[in-house]
Amino acid sequence: NPGTEADVYISVYGERGDTGSRQLLRSQKSKKFLRGQTDVFAVEVVHLGHLYKIVIGLNGLGSGNRWFLDKVVIKDPVRDLDYTFLCHRWLDQGQDDGNIARELPVTDASMFPGRQELELKREETWAAEKWKFQKGITFQFYNRLTHGFICLYPDSRVDALGDKKNKYGKVFSMWMYA
């Protein structure tokens, strides 16, 4: 029962102030806050500049006063930006930590320049490298300090002593970019 029948309130905070507490009233869906559903609300406010957090919660009254919230995305039409606030927790007095309100910081791509490019590179790298993590593969790292190999075996064993004469060991250069 991750949906809720309770009233949901949100406060949005930006560099130019906040909205104050606003009840989310009219969703584009006929019934709001149902399991697995994405609800869309139009909320008119003055432009707050770059957003940095929201506070979202339930009023604590009535039946169905529990809710599992995955995330909130706020679209800024002035700057053409999406701000994402990840939650992935319960708002419920009887679940998780018992809180029915959450303060969520922004985790938006606009706060992390190049994030989309990094995500694309991560996906490309995973496509090329996922074979290493298939069942039965022994993964080895070469330790330049000890000049030995550290092995991660398929059965979850780790040989961290660094065998210097591992017949399967090959030295690869690994580059990390930040």
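1. Start with a strand pairing. Glu 103 in β7 is the bridge partner of Val 55. The model is predicted, and the points below should be read as such.

2. That contact belongs to a wider pairing. Strands β4 and β7 (residues 101-105) run antiparallel and are joined by five bridges.

3. β4 also pairs with β1. The sense is antiparallel, over seven bridges. Ser 11 stands opposite Val 55 in this pairing.

4. Is β4 enclosed or open? Six of its eight residues are buried, so the strand is largely enclosed by the rest of the structure.

5. Next, the core. The largest nonpolar core has 22 residues. Those with the most contacts inside it are Ile 54, Ile 56, Trp 67, Leu 69, Val 72 and Phe 85. Two or more residues each come from β1 (8-14), β4 (51-58), β5 (66-76) and β6 (81-92). In soluble globular proteins, nonpolar side chains tend to be buried together.

6. Which residues does Leu 69 touch, leaving aside those up to four places away in sequence? They are Ile 56, Cys 87, His 88, Arg 89, Leu 91 and Leu 104. Ile 56, like Leu 69, is among the core residues with the most contacts.

7. Finally, the surface. Phe 141, Leu 152 and Val 158 make a nonpolar patch of about 230 Å². Val 158 lies in strand β10 (residues 158-163). Val 158 counts as exposed because its relative accessibility is 53%, and exposed means over 50%.

Methods. Residues are numbered from 1 along each chain as its sequence is written. This is a predicted model: local features need pLDDT of at least 70, side-chain atom pairs count only at pLDDT 80 or more; totals for chains, interfaces and linings use all residues. Side-chain values use heavy atoms; hydrogens and water are left out. Patches are made of residues with over 30% relative accessible area and no salt bridge: like charges are joined within 9 Å, nonpolar side chains (Val, Leu, Ile, Met, Phe, Trp, Tyr) within 5 Å. Accessible areas come from the Shrake-Rupley method with a 1.4 Å probe; for residues, only the protein chains shown count as cover. A salt bridge is a side-chain nitrogen of Lys or Arg within 4 Å of a carboxyl oxygen of Asp or Glu. Helices (H or I, at least four residues) and strands (E, at least two) are DSSP runs, numbered from the N terminus. Buried means under 20% relative accessible area, exposed over 50%, partly exposed in between (1.4 Å probe, protein chains only). A nonpolar core is a set of buried Ala, Val, Leu, Ile, Met, Phe, Trp, Tyr and Cys residues joined through side-chain atoms within 4.5 Å. Contact means heavy atoms within 4.5 Å. Two strands pair if DSSP finds at least two bridges between them.
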